[in-house]
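Morning, everyone. Please have a look at the model on the screen before I start.

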Amino acid sequence: MPEIILKNVTKMYGKSAAVDHLNLNIPDHSFITLLGPSGCGKTTTLRMIAGLETPTSGEISIGGQVVFSSEQGIDVPPEKRNVGFLFQNYALWPHMTVFENIAFGLENLKWPKDKIQERAALLMKMLKITEYGERYPAELSGGQQQRVAIARTLATGPKTLFMDEPLSNLDAKLRMEMRTELKRLHMETDSTFVYVTHDQLEAMTLSTRICLIKEGLLQQYAPPLTVYNEPANTFVADFIGSPNINLLPVKIQSVAGSKAVLELNGNTLQFSSAQLLTLQPGQAAILGIRPENVILDPNGELTAQIYSTLPSGMETVVRLKLDGMNITEVVFGSVDFKVNEEVHIKVKSDKNLLFADDKEGKVLAQGSIY
Amino acid sequence: MNLTQRLKLFLRKPHNVILVVLFAVLMVLTFLPLISIIMDTFTVHTSEVMRIRGTHAGDFTLYHWRKVLADGENSMSIFYKPLLNTIAISLATCAIGISVGGAFAWLITRTNLKFKALLSALFVIPYIMPAWTLGLAWLNFFRNSLVGGVPGLFTVLTGITTPNWFAYGFFPISVVQGLHYAPFAYILIGGILKNMDANLEEAAQLLHATRWQILQRITLPMVKPAILSTFLLAFSSSMSAFAVPAFLGMPVRYQVLTTQMYRTLQGLNPGYGYLMALILILIGVSIMLINQKVLDNRKAYTTITGKSSNVALFNLRGLKTPLSYCLVVALLCVTIVPLLTFAIESFIVEPGNYSLSNFSTVFWTGEGAVDIANGEPGILRNRSVYNGLYNSVILSLVCAFFAGTIGILAGYAIARKKGTWLSEAVNHLTFFPYLLPSMAMGAIYLSVFAVPHGPIPALYGTFAVLALIGTVKYLPFATKSGINAMLQLGGQIEEAALIMGVGWWKRMTRIIIPIQKTSFLSGYLLPYISCMRELSLFILLISPSTAVLTTMLFQYNEKGWNQYANAINLLIVVVVLLSNYIINKLTGASIDKGIG
């Protein structure tokens with residue numbers, strides 16, 4: 001069964017590395033997302049696994065078979081890797097009908113005609129496109145084209161399915177629906193999915209593990225909730241979660257065992273962790289607080305002003321000004337606030353983070369604030 | 001609101017005024033002349049009075065129709081045989097053009113060939129040069145002495161006498177025209193291959209298709225529209241081509257419709273010529289209609305944006321280096337070598353003798369001797385050549401200015417009122433001259449402007465009629481780039497200025513034209529270059545004082561003054577290539593970028 005292993009995979013374009021010494025282990029049956037801002041090398045990674053792009057160095061194996069190795073000089077062509085690929089723009093062939101598009105792969109495998117009919121009919125039924133069999137792609141809506149593309153990819157029964165931002169051309173509502181369908185599909189087809197997206201919400205909701213990449217370098221590879229709660233660095237913390245995490249510059253005033261005193265723009269905060277802290281007094285750091293952990297409390301010691309509110313019915317995103325700093329908080333429920341009103345705030349949860357104040361921004365500690 | 005008020009409101013918008021004016025003018029210049037030419041096919045012309053007994057000039061007659069279409073052997077040789085020749089040549093031209101251009105496009109876009117930039121630049125040169133350039137070069141190389149005259153370079157160098165089928169007629173005409181349109185096929189097919197989403201082929205590859213299957217089932221169907229457009233253009237252009245069949249067909253009396261038209265219109269049977277012109281027009285129009293029927297809109301490209309990556313190039317392996325060099329040599333043979341032969345031919349005194357003692361600059365700088373070409377002075381001292389060059393340049397500038405400017409205005413107005421009846425009508429009218437074979441259009445203007453019409457004097461033999469026909473003929477190119485530029489720009493850019501109260505003139509000159517400068521410039525460039533190398537459009541309409549370089553070339557060639565013809569041809573090619581190069585460097589517009 002297909003387990004995909006990448007060892008030290010590097011792809012150079014001229015002198016710049018699109019993917020830099022990437023090590024990845026994609027277990028069977030998993031749903032992995034390659035997540036990152038555009039141009040970070042996630043699509044290149046996916047295309048290298050599929051065989052559409054040749055890595056500069058490294059080794060890739062699928063299901064125990066080495067499909068690429070720069071050392072051994074192996075490069076199995078894409079058609080022999082038995083993988084399915086769903087393109088961002090669907091890449092449906094405009095001169096073929098829906099049925100012909102779906103049947104194409106099976107014809108290449110020399111299936112008998114009646115078997116092709118049967119298989120195509122089954123897939124069209126599964127993806128609810130039976131009535132469009134004789135139409136051309138140009139006559140379908142975006143969502144329908146998407147389904148045809150999925151049916152075409154699934155037709156030959158690949159054990160691994162690669163998807164390159166398959167939902168980015170759909171409108172918001174359809175995207176939501178297709179997410180549900182994709183998750184169902186993953187369960188029903190019992191195959192391994194590798195999914196490329198720049199949408200952190202998609203990655204959070206769909207995958208069993210997120211692989212977050214920045215400028216060709218792996219940042220974190222962990223289940224979604226771990227990435228959310230225990231980000232490896234400020235980049236990961238900032239990239240995951242909407243609205244974004246609050247990243248505030250602080251100064252360590254004093255450290256005692258697992259407790260520390262932080263100074264935030266003149267305000268003093270107590271930080272308490274479950275572990276011993278390795279911080280130095282006088283050290284600068286970044287304090288990361290998720291917006292849902294900032295709460296309005298009349299007893300709160302911090303005083304802030306309401307800058308703007310974005311109520312959506314289920315929750316309200318409130319932007320606060322605290323001594324010239326911006327702080328975002330999420331208030332659950334149907335509530336709204338007056339702009340410029342003065343409020344007291346407090347920080348709850350023991351999942352607040354301290355990051356190093358440098359380029360890498362590695363996480364230093366996790367704890368509660370009071 | 002009453003009618004006057006509505007009319008006033010309608011005409012307050014500049015684009016409406018443009019459309020109305022264009023509609024009226026183009027009706028007069030393109031559509032009504034058609035009626036005139038139809039009448040001409042039923043009329044006894046002055047030169048025909050002797051032939052058609054008992055008639056006077058201007059009488060109604062069915063003589064032309066009967067003689068051309070239904071007079072047994074006679075019709076066969078006047079009309080049916082040239083028609084069959086025309087169709088055979090056009091089909092062969094298309095086959096050669098599309099296969100050579102398509103194969104080259106595939107090599108450039110899909111393989112790891114060497115020197116791609118150089119090859120691509122060389123390949124489009126035959127399209128920039130006048131079509132007959134290769135034809136004359138063919139003659140310089142391969143002419144034989146079987147039909148009189150002196151043998152060409154090939155025979156002199158190898159001692160082999162070329163057979164007639166190889167030197168003249170169907171074969172060389174098709175090859176030369178095929179090579180002329182191959183770059184067009186390359187530009188169109190290559191454009192699609194280059195812009196075609198690589199994912200389409202990758203998707204097929206992942207679904208276990210072999211390279212051959214991908215080419216056959218994905219790539220070729222995708223370029224089918226480009227192949228069809230190339231076919232359409234090459235077929236209708238070679239059907240109306242005159243110079244190449246005239247140069248290469250005349251020595252063996254190989255006639256096509258255009259050469260027959262020229263003969264009859266210049267000779268004693270203009271009625272025949274008008275009828276043939278009419279038939280050429282009908283064929284042209286029906287090809288266009290068939291083309292529209294064939295193109296299936298259901299299979300239109302879905303333009304969903306996505307990142308399209310570079311397709312994996314086909315590895316030519318051991319073939320790579322030899323093939324690359326072979327192509328460079330072959331392309332030099334059809335681009336630089338012809339020019340060399342023109343130069344050589346123009347320097348030798350006694351044709352066919354390539355020994356060094358026979359070289360002389362007499363045909364360039366000689367004062368004119370009685371024993372050479374009736375005392376015609378060398379072309380650099382020849383007033384009629386300077387006159388022709390001057391006429392050519394001025395005519396090209398005038399046609400380019402009017403066609404380009406009208407093209408911008410027409411493009412603007414058509415795009416603004418897109419979908420309305422008037423806009424569609426003007427769009428079709430500006431496109432109509434494209435369907436008229438040049439020679440037939442010349443015939444039409446000859447028929448219409450030979451006599452005065454109300455306030456318009458008889459324009460035959462004047463510079464004005466050349467400027468007029470040139471402008472109308474090249475309007476389709478200019479309008480097309482105008483429409484494309486405007487559609488690409490969209491209406492909002494102009495509306496933003498409109499809302500701020502900026503007047504129309506300022507909107508055009510300060511906003512629209514500066515933004516789409518390059519497109520509009522190519523709308524001027526195409527008519528300029530086309531006009532510079534045009535022969536068949538003008539050949540029926542020139543008089544000695546309005547002769548242009550191309551018609552002089554034709555006349556020198558007809559008289560058998562080989563050296564003069566070669567020298568003038570060299571002059572034309574140099575002027576055309578130089579103009580294209582300068583304009584390309586200055587503005588980025590180039591003839592090989594925007595034609596179609």
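First, the ground rules. This is a predicted model, where local features need pLDDT of at least 70, side-chain atom pairs count only at pLDDT 80 or more, and totals for chains, interfaces and linings use all residues. Residues are numbered from 1 along each chain as its sequence is written, while chains are lettered from A and ligands numbered from 1 in the order in which they are written.

Chains A and B. Here 24 residues of chain B are in contact with 27 residues of chain A. Contact means C-beta atoms, placed from the backbone, within 7 Å. On the chain B side, α10 (198–206) and α11 (211–240) each give two or more residues. Helices are DSSP runs of H or I, at least four residues; strands are runs of E, at least two; both are numbered from the N terminus. α10(B) gives the most, with 7 residues.

Across the boundary, 9 residues of domain 1 are in contact with 11 of domain 2.

Last, Val9(A). It sits in strand β1 (residues 4–13) of chain A. Buried or exposed? Val9(A) is buried, because 24 other C-beta atoms lie within 10 Å. The cut-offs are 20 or more for buried, 12 or fewer for exposed, and partly exposed in between, with C-beta atoms placed from the backbone. Beyond four places in sequence, Val9(A) touches residues including Val19(A), Leu22(A) and Ile60(A).

Note on methods
Two residues are in contact if their C-beta atoms, placed from the backbone, lie within 7 Å.
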